Amino acid sequence: MAKDFSHRVVMIVSAGSNPFEMGVATELFGLRRPELPVEWYDFTLCSPTPTVRMHSGFFQLSGVAGLTAVDHADTVIVPNRPDPLEEPDPDVLAAIRRADARGARLVSFCTGAFTLAAAGVLDGSRVTTHWRWAEAFTARYPHVDLDPDVLFVEDGRVITAAGSAAALDTALHLIRADHGAETAAAVSRRLVHPAHRDGGQRQFVEHPVPETADTSLGPLLDWATEHLADGLDVTALAARAAVSPATLHRRFRAQLGTTPLAWLTEQRVTLARRLMERGEDRLDVIARASGLGTATSLRTQLRRRTGLTPTEYRRRFAPAR
């Protein structure tokens, strides 16, 4: 990407904002990256008040910009709110509406989706928020399409993240979209964080404690990840684990919140995405290497999970040639 790339990111902080999410945004968008061949973001924190008492009163911010900074932002980030059912600051909502009206990219972390919804900019959009607040969000904003099972959702100019840690996944996704897969991978290595985190937030939903002692799926998952191209199916996984398919299904549900087949498919699509991001453009090669089998299956599964065709995905995330 050209060296003169410039993009203004503004994060709104207000009373009770989560320091972790503010730290994520500051780390990924605010710190200089002189080792990378791109001009980094212009990052600003702003608030409706001159001083901001952060979540639980651990510390107080001062000297941040006013909400007028939002009027010059290319991307506006709305963080977590400690009580998402409490009405947001009217000045914050007005700033978000102005940003939306001029076409800025809107990003929420965790329960920040409630703030975007309160501003009226999410109607008809597909979004996510923390799984603990999914039912309350749907009841309060029935005209918004909530997906509670994913780490983040991109719907046009709106990107919403699930729990606080999903802010990292979302920020890396934005860097990937703006600067390409290689840059995002370099940043993720600096963070010691995966460029792609597998699965969705369904795996973190609280589940009843199994009545029988838990047997870790870790060794099986590690083995399966190394053999995705071998035509594995649920029967083969069960045989490897020396259990029946029904028992394996129960263990996957209890430990991962998903089915063995869904997990396998997700791993294969993730591997296919990585191969495309590294520059491989032969769909038949990618399909075989990832275990998806055919180019048709690859197209279907990729579009189902990302909304993009292979051509569109490579255009956005593969290294420039």
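The questions and answers below concern strands, helices and loops.

Guide: This is a predicted model, in which local features need pLDDT of at least 70, side-chain atom pairs count only at pLDDT 80 or more, and totals for chains, interfaces and linings use all residues. Residues are numbered from 1 along each chain as its sequence is written, and side-chain values use heavy atoms, with hydrogens and water left out.

Visitor: Which strands stand at the edges of the open sheet of 6 strands?

Guide: Helices (H or I, at least four residues) and strands (E, at least two) are DSSP runs, numbered from the N terminus, and two strands pair if DSSP finds at least two bridges between them. The sheet has the order β2-β1-β5-β6-β10-β9, with mixed pairing.

Visitor: Which residue of β5 is the bridge partner of Met-11?

Guide: Strand β1 runs parallel to β2, joined by 5 bridges, and Met-11 stands opposite Leu-45 in β2. Strand β1 is also parallel to β5, with 3 bridges. In β5, the partner of Met-11 is Ile-77.

Visitor: What is the bridge partner of Ile-77 in β6?

Guide: Strands β5 (residues 75-78) and β6 pair in the parallel sense over 4 bridges. Val-76 has Leu-106 as its bridge partner in β6. For Ile-77, the partner in β6 is Val-107.

Visitor: Which residues of β6 are buried on each side?

Guide: In a regular strand the side chains alternate between the two faces of the sheet. Buried means under 20% relative accessible area, exposed over 50%, and partly exposed in between (1.4 Å probe, protein chains only). In β5, both faces are covered, with Thr-75 and Ile-77 buried on one side and Val-76 and Val-78 on the other. Both faces of β6 (residues 105-108) are covered as well, by burial of Arg-105 and Val-107 on one side and of Leu-106 and Ser-108 on the other.

Visitor: At what angle do α10 and α13 pack?

Guide: Two packed helices are described by the angle between their axes and the distance between the axes. The axes of α10 (residues 260-277) and α13 (residues 310-317) are 9 Å apart, and the angle is about 55 degrees.

Visitor: Which residues make the contact of α10 with α13?

Guide: Contact means heavy atoms within 4.5 Å. From α10 come Arg-273, Met-276 and Glu-277, and from α13 Pro-310, Tyr-313, Arg-314 and Phe-317.

Visitor: Is Ser-14 buried, partly exposed or exposed?

Guide: Ser-14 is found in the loop between β1 (8-12) and α1 (19-30). Not counting residues up to four places away in sequence, Ser-14 touches Pro-48, Val-52 and Arg-53. With 25% relative accessibility, Ser-14 counts as partly exposed.

Visitor: What is the relative accessible area of Cys-110?

Guide: Cys-110 lies in the loop between β6 and α3 (112-118). Most residues other than glycine have a negative phi. Phi of Cys-110 is near 55 degrees, a positive value in a residue other than glycine. Cys-110 is buried, with a relative accessible area of 5%.

Visitor: Is Ala-242 buried or exposed?

Guide: Ala-242 is placed in the loop between α8 (234-241) and α9 (245-256). Phi of Ala-242 is near 60 degrees, a positive value in a residue other than glycine. At 69% relative accessibility, Ala-242 counts as exposed.

Notes. Axes are lines fitted to C-alpha atoms, for helices over the stretch in contact, and angles run from 0 to 180 degrees between N-to-C directions.
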